[in-house]
Amino acid sequence: MEINGGVCNSGDKSQREAEVEGEASFLSSNVLLNHTGEVTLTLNSDGLSWEALDSSDNCGSTCLGIKFVPKITTQTTTELQFSDIYAVELIHGGMIQESISTSAGECFFGNDSHDSEMNHFRVHSFQKSLSQPCLWVLAVYTFGHKDLQTCQMWVNKINDSLNKEFGRPKNLLVFVHPMSGKANGLRTWETVAPIFSRAKINTKVIVTQRAGHAFDVMTSTTNEELNSYDGAVGVGGDGFFNEILNGYLCSRHKAPFPPVPSDFLDALGNNGSSLVHDPAGAGSGTDNEESYPLLPSLAHNELGFSHLGTNNGSHSIDQEIKYPLPNQRFRFGIIPAGSTDAIVICTTGARDPITSALHIVLGKRVCLDVAQVVRWKTTSTSKVEPCVRYAASFAGYGFYGDVITESEKYRWMGPKRYDYAGTKVFLRHRSYEAEVAYLEVESDKSNSIPDASGMFDKVRNLKRKKSERIICRVNCNVCNTKPVYSSARSSPATPYTLPQETRWLKSKGQFLSVGAALMSNRNERAPDGLVADAHLSDGFLHLLLIKDCPSALYLWHLTQLARKGGNPLNFDFVEHHKTPAFTFTSFGNESVWNLDGELFEAHKLSAQVFRGLVCLFASGPEV
């Protein structure tokens with residue numbers, strides 16, 4: 001990045017440093033700034049600032065009676081916060097390029113006082129794009145001084161301040177998916193790797209060799225070893241992040257199964273007694289009609305992802321070293337290299353590897369809801385075998401699952417396979433008979449009671465004005481309200497706390513799709529996402545039920561999704577319910593579930609949201 005500007009001819013000025021009493025650290029020196037000229041550089045407790053030195057006539061330089069006025073650039077940076085600086089480095093020797101005006105004067109006068117080789121130091125930061133504030137662009141500021149000790153002193157002072165920045169990672173586990181998206185995972189990592197090196201972050205890089213490789217590594221890593229890392233970074237798409245997330249949670253997250261209606265387990269031909277496990281040995285009876293089967297303490301490894309290359313289902317997890325969840329220190333990072341990258345767009349606002357890398361090295365933090373999805377039966381004739389998976393962005397059935405299934409046949413097409421597969425699935429116009437039950441919440445009471453047909457239980461606030469939408473953004477008030485979890489007796493974190501009176505509502509019929517969105521899921525094909533005002537960490541998912549309808553109406557719905565400012569939920573065949581938990585049962589012909597882009601077969605399924613279960617190296621989008 002170049003900084004335009006100029007300085008006046010002013011004779012040699014001596015360096016000056018000052019330590020001011022009562023201030024944590026104050027330093028000031030006259031140095032040369034690349035493409036600008038001589039400036040007074042100042043360090044204080046917040047960051048760096050500088051201003052050009054004025055000449056005797058307070059403007060430009062003069063040569064043969066011709067006055068060279070420096071170019072004035074209103075966007076020129078004159079200060080940097082330490083929170084925006086990710087590295088500083090000392091460079092021995094080299095030239096400093098001054099502004100055009102200064103160089104013109106020296107060309108005639110032969111003044112080479114600034115052209116001689118000198119030492120300099122580079123400060124690495126970023127600037128926000130003027131047209132896209134969420135897009136961060138690398139910025140390098142090069143300062144020069146003839147005295148090496150002076151440059152070294154500045155580097156030491158800046159590093160001391162950077163080391164005080166809270167939450168910046170020092171050790172990261174990096175997974176690279178070489179075939180992700182357009183098979184550019186390795187190239188993407190090579191592009192951003194220098195940013196991590198300059199920030200002095202130790203990275204253990206694992207290039208995955210097969211499906212499930214990252215899952216196996218995360219599952220087999222002991223808690224002691226995992227505690228040595230500040231986070232895990234995935235270079236790939238949403239599906240690759242889902243694999244890493246499941247490897248992290250399936251072996252460590254011990255929590256109750258989702259709540260279900262009383263008739264849900266009855267339909268399994270089981271009274272629920274064999275599915276209930278109380279690890280504390282204490283009674284946990286409830287007067288509510290919901291059942292709470294608990295996950296056995298060692299069952300996750302045997303149930304989740306057993307088909308993804310695990311050897312024997314028993315992974316080496318250090319049981320003596322506890323690993324608390326949620327873990328505020330351990331965060332996940334995503335360097336986008338996939339086909340959709342919806343999670344990155346929703347958490348950083350940009351689908352850009354450089355922007356994501358900067359969020360990581362600067363230690364940004366945002367909490368993310370995670371859905372625990374439990375498959376009770378794979379098919380209608382299979383036996384009850386609960387299998388746990390997790391999703392961070394979206395779970396979809398019907399159209400969403402069929403598109404993923406169809407697209408797997410055309411991986412050679414790259415991201416374009418989704419458009420092709422989507423067109424084929426749309427033309428089939430296949431619907432599926434199913435029943436969905438969901439927990440009612442206060443905000444949904446006014447619109448969640450269906451009529452006899454179940455087709456016209458319209459949500460009133462779907463028709464609210466777009467100006468009334470509260471979009472999730474940096475420092476979101478919705479995500480920051482209410483505690484993340486309520487727990488008793490220091491027990492494992494629990495999801496949504498059920499009030500004394502709860503009610504399960506049901507919708508049954510022919511569905512083109514059933515979707516559950518944990519975030520807006522904005523992407524290049526749906527600029528506002530599936531639900532524009534869904535939040536990253538509010539403890540709810542948005543249940544989207546698309547009933548069977550004529551192809552023309554469904555096409556209208558899809559075009560609204562693809563249009564900026566559209567309203568895809570304002571149709572009579574669309575149900576939208578905000579809920580913390582739901583169950584699903586299919587009848588007849590079956591589709592497959594799509595969990596963050598990964599396939600998951602399930603005839604009978606239940607799901608619940610854990611609020612803020614994991615943290616990401618991100619700050620949320622700027623709206």
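Visitor: Before we start, what does "buried" mean here?
Guide: Buried means under 20% relative accessible area. Keep in mind that this is a predicted model.

Visitor: OK, and how much of the protein counts as buried?
Guide: Of its 623 residues, 56% count as buried.

Visitor: What's the secondary structure like?
Guide: There are 14 helices and 24 strands.

Visitor: And what about contacts between residues that are apart in sequence?
Guide: Take the contacts between residues at least 6 apart: 78% of them join residues at least 24 apart.

Visitor: Let's pick a helix. How many residues does α12 have?
Guide: Helix α12 covers residues 416–428, so by count it has 13 residues. From first C-alpha to last it reaches 19 Å, close to the 18 Å expected at 1.5 Å a residue.

Visitor: Which of the α12 residues are buried?
Guide: R417, Y418, A421, G422, V425 and F426. Looking down the axis of α12, you'd find these buried residues within an arc of 160°, so they line one face of the helix.

Visitor: Why would residues three or four places apart point the same way?
Guide: Because an α-helix has 3.6 residues a turn.

Visitor: What's on the other side of α12?
Guide: K416 and L427 are there, and both are exposed.

Visitor: And what covers the buried residues of α12?
Guide: The cover includes α11 (399–407) and α14 (551–561).

Visitor: Are W50 and Y141 buried or exposed?
Guide: W50 is buried, with a relative accessible area of 7%, and Y141 is buried at 1%.

Visitor: Which cluster do ring pairs link W50 into?
Guide: The cluster has W50, F121, Y141, F143 and W154 in it.

Visitor: What about charges sitting over rings?
Guide: The charged end of R252 sits over the ring of Y323, 5.8 Å from its centre.

Visitor: New topic: the nonpolar core. Which residues touch the most other members of the largest one?
Guide: Of its 49 residues, those are F175, Y248, L249, F332, V614 and L616. Helix α6 (residues 238–249) gives the most to this core, with 6 residues.

Visitor: What is L249 in contact with?
Guide: Setting aside neighbours within four places in sequence, L249 contacts L325, V370, Y390, L613 and V614. There's also a second, separate core of 27 residues, which includes C387, A395, Y397 and L543.

Visitor: You mentioned L325. What's its peptide bond to P326 like?
Guide: That bond is cis, with omega near 0°. P326 is in the loop between α8 (300–303) and β13 (331–336).

Visitor: And helix α4, how many of its residues are buried?
Guide: 7 of the 8 residues of α4 (residues 213–220) are buried, so the helix is largely enclosed by the rest of the structure. Among them are H213, F215 and D216.

Visitor: Last one: where do you see a positive phi in a residue that isn't glycine?
Guide: H35 has a phi near 65°, and it's in the loop between β1 (27–33) and β2 (37–43). H429 takes a positive phi of about 50°, in the loop between α12 and β17 (432–439).

Notes. Residues numbered from 1 in each chain as written. Predicted model: local features only at pLDDT ≥ 70, side-chain atom pairs only at ≥ 80, totals over all residues. Heavy atoms only, no water. Helix = DSSP H or I, 4+ residues; strand = E, 2+ residues; numbered from the N terminus. Expected span 1.5 Å × (residues − 1). Buried < 20%, exposed > 50% of the residue type's maximum accessible area, 1.4 Å probe, protein only. Arc of directions from axis to C-beta. Contact = heavy atoms within 4.5 Å. Phe/Tyr/Trp six-rings, centres within 6.5 Å; stacked < 30°, edge-to-face > 60°. Lys NZ or Arg CZ within 6 Å of the ring centre and 35° of its normal. Core = buried A, V, L, I, M, F, W, Y, C linked by side-chain atoms within 4.5 Å.
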